[in-house]
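Biologist: I am new to this structure. Please take me through a few local features, one question at a time.

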Amino acid sequence: MADRVRSATLNRDTNETKIQLSLNLDGGPLESADGNGEEKSHAAQATKSQHIDVDSGIGFLDHMLHALAKHSGWSLKLRCRGDLHIDDHHTAEDTCIALGQAFKQALGGTTGLARFGSAYCPLDEALSRAVIDLSNRPYSVINLGLRREKIGDLSTEMLPHCLQSFAQGAGVTLHVDCLRGDNDHHRAESAFKALAVAIRQATSRVAGREGEEPSTKGVLY
């Protein structure tokens, strides 16, 4: 099963948000999420190994998810249309829950994987640390130390909540801390990049451990 395509498509519709999402954890091509025909977003990038196109309706959230996908090695297409006339809460929360659910679906279990990942990432003066466990036990501790009320159109209180929502949907244990930094944009982006690198490490396949569950219990649930 080492060559299994680790991909998922997800449609999540509620009275508050409508989300279409396609994810491939190893990059490469994507299946269509049956979107609404819109093509261009400001958080889009196509390379030989990855295809990323994110449009949540919130520019700074798109920027963070673009960074997360890029440095995780994912291909990701995401569209969200939410009730932004109310505020940014439902859109940001639901987008990250859906991304976590797609991640869990695409992963398809943890046998043969590293399971744990950790990383430090800087952005100029800011430095963040992220640690992840593919534990199937959703839990998160997030400390970003943000001071501004908003970055672009996204409330800064939503940034830790986005990471908490991803952990909830993905069923992972997540610790993310910004250790230092003067600029809130830098603090947030270094955190998402650190998480991306940690995810890439945790989801990597370990040669010689094919079919083995990385747990003393013999199973993760």
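Modeller: The strands here are DSSP runs of E, at least two residues long, numbered from the N terminus. The model is a predicted one.

Biologist: Where is Asp124 found?

Modeller: Strand β6 covers 116–123 and strand β7 covers 126–133.

Biologist: Is Asp124 buried or exposed?

Modeller: Exposed means over 50% relative accessible area. Asp124 has 64% relative accessibility, so Asp124 counts as exposed.

Biologist: What is the phi of Asp124?

Modeller: Most residues other than glycine have a negative phi. Asp124 is not a glycine, yet its phi is positive, at about 55°.

Biologist: Which loop holds Asn136, and what is the phi of Asn136?

Modeller: Asn136 sits in the loop between β7 and β8 (139–143). Asn136 is a residue other than glycine with a positive phi, near 60°.

Biologist: How does Asn136 count by relative accessibility: buried, partly exposed or exposed?

Modeller: Buried means under 20% and exposed over 50%, with partly exposed in between. Asn136 has 29% relative accessibility and therefore counts as partly exposed.

Biologist: What is the volume of the second largest pocket, and which residues are closest to its centre?

Modeller: The second largest pocket has a volume of about 160 Å³. Of its 13 lining residues, the closest to the centre are Lys104, Leu107, Gly109, Thr110 and Asn136.

Biologist: Which element gives the largest share of the lining of the second largest pocket?

Modeller: By class, the lining has six nonpolar, five polar and two charged residues. The largest share, three residues, comes from helix α2 (residues 89–107).

Note on methods
Residues numbered from 1 in each chain as written. Predicted model: local features only at pLDDT ≥ 70, side-chain atom pairs only at ≥ 80, totals over all residues. Heavy atoms only, no water. Helix = DSSP H or I, 4+ residues; strand = E, 2+ residues; numbered from the N terminus. Buried < 20%, exposed > 50% of the residue type's maximum accessible area, 1.4 Å probe, protein only. 1 Å grid on protein atoms, 1.4 Å probe; cavity = no way out; pocket = protein on both sides within 12 Å on 5 of 7 lines; lining within 4 Å. Points joined across faces, edges and corners; volume = space filled by probe spheres on them. Nonpolar A, V, L, I, M, F, W, Y, C, P; charged D, E, K, R; others polar.
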